[in-house]
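This report describes selected local features of one protein structure. Please keep the sequence and the model in view while reading.

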Amino acid sequence: MEATGTDEVEKIKSKFMSAWHNMKYSWVLKTKTYFSRNSPVFLLGKCYHFKSDESGELSTDGSNFEKINMEISGNVDEFRKDFISRIWLTYREEFPQIKGSALTTDCGWGCTLRTGQMLLAQGLMLHFLGRAWVWPDALDMENSDSESWTTHTVKKLTASFEASLTAEREPKILSNHHQGTLKRNCGDNEMRNEVYHRKIISWFGDSPLAAFGLHQLIEYGKKSGKIAGDWYGPAVVAHILRKAVEEARDPELQGVTVYVAQDCTVYSSDVIDRQCSFMDSEKTDTKAVIILVPVRLGGERTNMDYLEFVKGILSLEYCVGIIGGKPKQSYYFAGFQDDSLIYMDPHYCQSFVDVSIKDFPLESFHCPSPKKMSFKKMDPSCTIGFYCRTVQDFEKASEEITKMLKSSSKEKYPLFTFVKGHSRDYDFASSPLREENDLFSEDEKKRLKRFSTEEFVLL
């Protein structure tokens with residue numbers, strides 16, 4: 001009885017924490033973001049121009065489209081459609097209990113895992129859907145005003161408390177719009193894309209069986225000394241994502257691998273080995289690779305000399321974003337305008353969605369409005385991601401990024417480097433990991449422990 005009582009207290013505490021975080025972060029969703037009409041906007045390698053004869057700023061919520069001509073309006077719509085189509089993964093509550101804990105929410109501690117999920121999701125979208133794909137329903141998203149968000153938060157606080165006392169869950173009502181998503185008249189290609197769209201989201205579901213869901217990522221994090229409720233840094237998350245992809249059993253995922261740079265160095269032969277590592281000797285195709293590079297953009301504060309390099313990276317179509325943030329908050333950076341970064345924020349707590357049901361609602365997995373942050377506010381600790389479909393794509397990307405690193409570096413040493421050969425050729429321990437009961441090598445464990453102590457605390 002005592003244990004049951006303790007669990008109930010934890011559940012009530014968890015619900016209040018979720019409601020508190022919604023009160024704390026709901027302003028992020030209700031505030032408008034303004035973009036200059038006179039500067040291009042970059043989003044994961046795509047460039048959008050809002051330029052017109054009029055001066056001033058443009059809101060992305062559509063509130064002042066009538067003030068500009070149709071050509072500019074079209075560009076804004078294309079940008080909004082592109083941004084909303086990216087997969088948004090946020091705090092969730094009331095999901096199945098995490099193994100080894102009483103936690104049913106990641107509010108307050110899971111933001112870097114969520115930004116890592118967003119980066120990996122973008123890599124998978126490039127792999128299965130291509131960069132040109134956009135969600136057909138993107139512009140049907142309702143952009144809620146401040147009153148509705150505030151009202152929703154207050155209602156959620158009251159309902160959570162009442163549900164805690166009565167042991168009842170809030171009812172989940174699916175709109176007719178969501179129930180009929182796959183029933184609309186569309187061609188075979190659009191149907192195929194919609195199937196993959198849902199499948200990718202389902203891999204990030206908050207259930208123990210989801211390949212890249214929070215439950216699985218936490219299990220892999222345990223091998224580096226992390227447990228549910230701990231704070232995770234960008235470098236640790238990079239290694240956890242690599243392990244999750246490596247261990248994924250879905251046949252669809254066998255054509256993708258992840259490589260994590262060692263000490264700011266990408267060893268080309270190690271990457272190519274991963275791309276050519278099909279277990280089936282009859283397969284002649286190579287794997288696509290997602291390359292993750294944990295870096296520091298300065299000491300205690302971000303060095304502004306790195307701004308042009310970060311902008312250059314985000315202007316590449318094979319860039320899958322940056323796991324970063326500002327001190328005490330992790331964000332997923334996906335673009336920029338001038339000296340401001342465009343990001344998605346994981347800090348809004350949403351209800352658990354069962355992605356195993358047919359036609360599960362998609363709306364909460366897509367962010368209705370982009371946010372901007374000055375580059376100088378960025379925490380120096382981050383992980384940069386790239387996607388390369390073939391070995392030839394990797395070789396081309398490594399050449400292009402190397403030129404960019406050299407031209408942007410005012411220091412003696414670039415931010416990171418591409419080196420020919422294997423890591424073992426430079427007296428580093430190689431890291432093919434096949435031990436069933438030990439998913440991280442001793443060398444990796446040391447590296448992860450070092451990252452854990454050096455990185456900033458994320459709330």
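## Basis of the model

The model is predicted, so local features need pLDDT of at least 70 and side-chain atom pairs count only at pLDDT 80 or more, while totals for chains, interfaces and linings use all residues. Residues are numbered from 1 along each chain as its sequence is written, and side-chain values use heavy atoms, with hydrogens and water left out.

Thr302 belongs to the loop between strand S8 (288–296) and helix H10 (307–314). Helices (H or I, at least four residues) and strands (E, at least two) are DSSP runs, numbered from the N terminus. With a relative accessible area of 9%, Thr302 is buried; buried means under 20% relative accessible area, exposed over 50%, and partly exposed in between (1.4 Å probe, protein chains only).

Not counting residues up to four places away in sequence, Thr302 touches Leu297, Phe375, Met378, Asp379 and Pro380 (contact means heavy atoms within 4.5 Å). A polar atom of the Thr302 side chain lies 2.3 Å from the backbone oxygen of Met378.

## Strands S11 and S13

Strand S11 (residues 340–344) and S13 run antiparallel and are joined by four bridges; two strands pair if DSSP finds at least two bridges between them. Ile342 has Lys372 in S13 as its bridge partner.

The side chains of S13 (residues 371–374) alternate.

## Aromatic pairs

The whole structure holds 19 aromatic pairs. Rings of Phe, Tyr and Trp (its six-membered ring) pair if their centres lie within 6.5 Å; planes under 30 degrees apart count as stacked, over 60 as edge-to-face and the rest as tilted. Tyr331 and Tyr343 form a stacked pair, at 4.1 Å centre to centre with 15° between the planes. Tyr331 is in strand S10 (residues 329–337) and Tyr343 in strand S11, twelve residues apart. Both Tyr331 and Tyr343 are buried.

Phe386 and Phe416 form a tilted pair, at 6.4 Å centre to centre with 45° between the planes. Phe386 lies in strand S14 (residues 381–388) and Phe416 in the loop between helix H11 (391–408) and strand S15 (417–419), so the pair ties together parts 30 residues apart in sequence.

## Charges over rings

The charged end of Lys372 sits over the ring of Phe35, 4.7 Å from its centre. A charge sits over a ring if NZ of Lys or CZ of Arg is within 6 Å of the ring centre and within 35 degrees of the ring normal.

Definitions and conventions
Polar contact = N/O pair within 3.5 Å; in protein donor to acceptor, adjacent residues only side chain to side chain.
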